[in-house]
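Please open the model in a viewer and keep the selection tool at hand.

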Amino acid sequence: MIRDLKRLTLGLALVASVSFGVHANVVVGSKLDTEATLLGNMILLTLEANGIATEDRITLGGTPVVRKAITAGEIDIYPEYTGNAAFFFNKADDPLWKDLNQGYEAAKKLDYDANKIVWLTPAPANNTWAIAVRKDVADQNNLKTMSDFGKWVSGGGKVVLAGSAEFVNSAAALPAFQKTYGFTLKPAQLIVLSGGDTAATIKAAADRTNGANAAMVYGTDGGIGPSGLVVLEDDQSVQPVYAPAPIVREVVLNANPKIADALKPVFASMTRETLQELNARIQRGGESAHGVAQDYLRSKGFVTN
């Protein structure tokens, strides 16, 4: 009778586990790009260091793929960006996404209410569209912010910007910067490259291709620093904030409550400059994302093995 009761209890536990979508191991996913792969490995290694068994599904696919996977319960946790929640929930026109804290709180509430997905502590970094200039140009003209840049350009500063067609033409990108900061770039001041690869725009500015001295970038691009460029601060918040944060299914977090506390200091340490440096080690230095993540976590004392 006792043995039968134990079997029944075990059977009910297994049924409950399947019903609530709890895997034997926490399934860690990520998107395909350099930073997503880096942060996915940060999550994986941190969970393992805290005694949480994992399954590696890093570099699973693009945003639609990983988004579908977590809402379907096929993966349990992955790094996402606050700004993307604006598109997940058809609220891209709301200005709250231009503030990190407001955007995070909105993403957290919307995703929990709709999907029981929990947004954990975000990084104080912003991987959004930005303009970077050569460091020598920035130093010579005291350019630190986009307001500085706008005044310099409208006052006759000589700039040639390399950007994608989308960046140059999309109302939310360069035209929005120009309107807010009071400058206009003529066609002769633009080098329009096909595709959206920031590695190409960064290289153009670094090599002074056709006189280029500024480039469209994403704020945490690894090529910015090694190429001798500096990001200009979007001091009037033209662009939405894309702060990376781990997002996890509530049922999995409830089963593994250590996840939130373990990941909090890791992501809190991820400044824009830190991510630029780590991304550069992968993109420019040829190191593996797993190796860079492990080295960083060890150096900060987040993991010991």
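The stops below cover pockets, a helix and aromatic pairs.

The model is predicted, so local features need pLDDT of at least 70 and side-chain atom pairs count only at pLDDT 80 or more, while totals for chains, interfaces and linings use all residues. Residues are numbered from 1 along each chain as its sequence is written, and side-chain values use heavy atoms, with hydrogens and water left out.

**Pockets**

Select N84, N127, T128, Y218 and Y242, which lie nearest the centre of the largest pocket among its 34 lining residues. A pocket here is an open set of points on a 1 Å grid over the protein atoms alone, where a 1.4 Å probe fits, with protein on both sides within 12 Å along at least five of seven lines; lining residues have an atom within 4 Å of a point. The space in the largest pocket is about 830 Å³, a volume being the space filled by probe spheres set on the points, which are joined across faces, edges and corners. Next, colour helix 2 (34-49), helix 4 (85-88) and helix 13 (272-283): each supplies at least two residues of this lining. Helices (H or I, at least four residues) and strands (E, at least two) are DSSP runs numbered from the N terminus.

Move to N126, T128, E233, D234 and R272, the closest to the centre of the second largest pocket among the 21 residues that line it. About 330 Å³ of space lies in this pocket. Strand 5 (residues 129-134) gives the largest share of its lining, three residues.

**Helix 13**

Which residues of helix 13 are buried? Select R272, T274, L275, Q276, L278, N279, A280 and I282; buried means under 20% relative accessible area (1.4 Å probe, protein chains only). Their cover includes helix 2, strand 9 (229-231), strand 10 (244-249) and helix 14 (289-299).

**Aromatic pairs**

Rings of Phe, Tyr and Trp (its six-membered ring) pair if their centres lie within 6.5 Å; planes under 30 degrees apart count as stacked, over 60 as edge-to-face and the rest as tilted. The count comes to five aromatic pairs. Select F149 and W152, a tilted pair with 6.0 Å centre to centre and 55 degrees between the planes. F149 and W152 are three residues apart in helix 7 (residues 146-154), and therefore separated by about one helical turn. F149 is buried at 1% relative accessible area, and W152 counts as buried at 15%.

Then select F177 and Y181, a stacked pair at 6.4 Å centre to centre and 25 degrees between the planes.

Methods:
Buried < 20%, exposed > 50% of the residue type's maximum accessible area, 1.4 Å probe, protein only. Contact = heavy atoms within 4.5 Å.
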